Amino acid sequence: TAFAILFEKPFYTRISSQKGSRNDRMISLLKDLGLEDRLYTDDQAMQLDFSKAIDYKAVRKKLAERIDASRGYLENVLNYMAETV
C-alpha cells in the first residue's frame, strides 16, 4: 500500500474484518490521506471499482504535510538531545 501511494499506482488494500485484527496503522494512513475508500474486506471484494481513479494531486499535498510534520518533530527531538548532552 505504501509503495502504491509513493509511486502513485492504483490499488486497494484488504483489511481483516475479524475482531482483534491489527489494521489500525493502515486505516489511519489511508484516512489521513483521504484514501479510506481504498480499504475493503473480503465481503466487499466483489464491489471494487478498479476503474475509479485516485486523485494523487490531493494525496501528494496531504503526504507532503505529513512528511513536513514528521521532519519538524525529528528536528525538535534532535535539537533537544543536542542541547542536553
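User: Which residues form one aromatic cluster here?

Analyst: Tyr12, Tyr40 and Phe50 form that cluster. One note before we go on: this is a predicted model, where local features need pLDDT of at least 70 and side-chain atom pairs count only at pLDDT 80 or more, while totals for chains, interfaces and linings use all residues. Residues are numbered from 1 along each chain as its sequence is written, and side-chain values use heavy atoms, with hydrogens and water left out.

User: How should I read an aromatic pair, and how many does a search of the whole structure find?

Analyst: A pair of aromatic rings is described by the distance of the centres and the angle of the planes. Rings of Phe, Tyr and Trp (its six-membered ring) pair if their centres lie within 6.5 Å; planes under 30 degrees apart are stacked, over 60 edge-to-face, and the rest tilted. Searching the whole structure gives 3 aromatic pairs. In one of them, the ring centres of Tyr12 and Tyr40 are 6.5 Å apart and the planes stand at 80°, so this pair is edge-to-face. Tyr12 sits in the loop between α1 and β1 (13-14) and Tyr40 in strand β2, so the pair ties together parts 28 residues apart in sequence. Elements here are DSSP runs numbered from the N terminus: helices are H or I with at least four residues, strands E with at least two.

User: And how does Phe50 pair with Tyr12?

Analyst: Tyr12 and Phe50 are also edge-to-face, at 5.2 Å centre to centre with 80° between the planes. This pair links distant parts of the chain, 38 residues apart, with Phe50 in the loop between β2 and α3.

User: Is Phe50 buried or exposed?

Analyst: Buried means under 20% relative accessible area, exposed over 50%, and partly exposed in between (1.4 Å probe, protein chains only). Phe50 is exposed at 64%, whereas Tyr12 is buried at 17% and Tyr40 is buried at 16%.

User: What is in the largest nonpolar core?

Analyst: A nonpolar core is a set of buried Ala, Val, Leu, Ile, Met, Phe, Trp, Tyr and Cys residues joined through side-chain atoms within 4.5 Å. The largest one has 12 residues, including Ala4, Phe11, Ile15, Leu39 and Tyr56. Helices α1 (2-6) and α3 (56-84) each supply at least two of its residues, and the largest share, 3 residues, comes from α3.

User: Beyond its sequence neighbours, what is Ala4 in contact with?

Analyst: Contact means heavy atoms within 4.5 Å. Leaving aside neighbours within four places in sequence, Ala4 is in contact with Lys9, Phe11 and Tyr56. Thr41 lies in the loop between β2 (39-40) and α3, and is buried at 14% relative accessibility.

User: Where is Leu74 found, and is it buried or exposed?

Analyst: Leu74 is found in helix α3 and is exposed, with a relative accessible area of 52%. Ala64 lies in helix α3 too, and is partly exposed at 36%.
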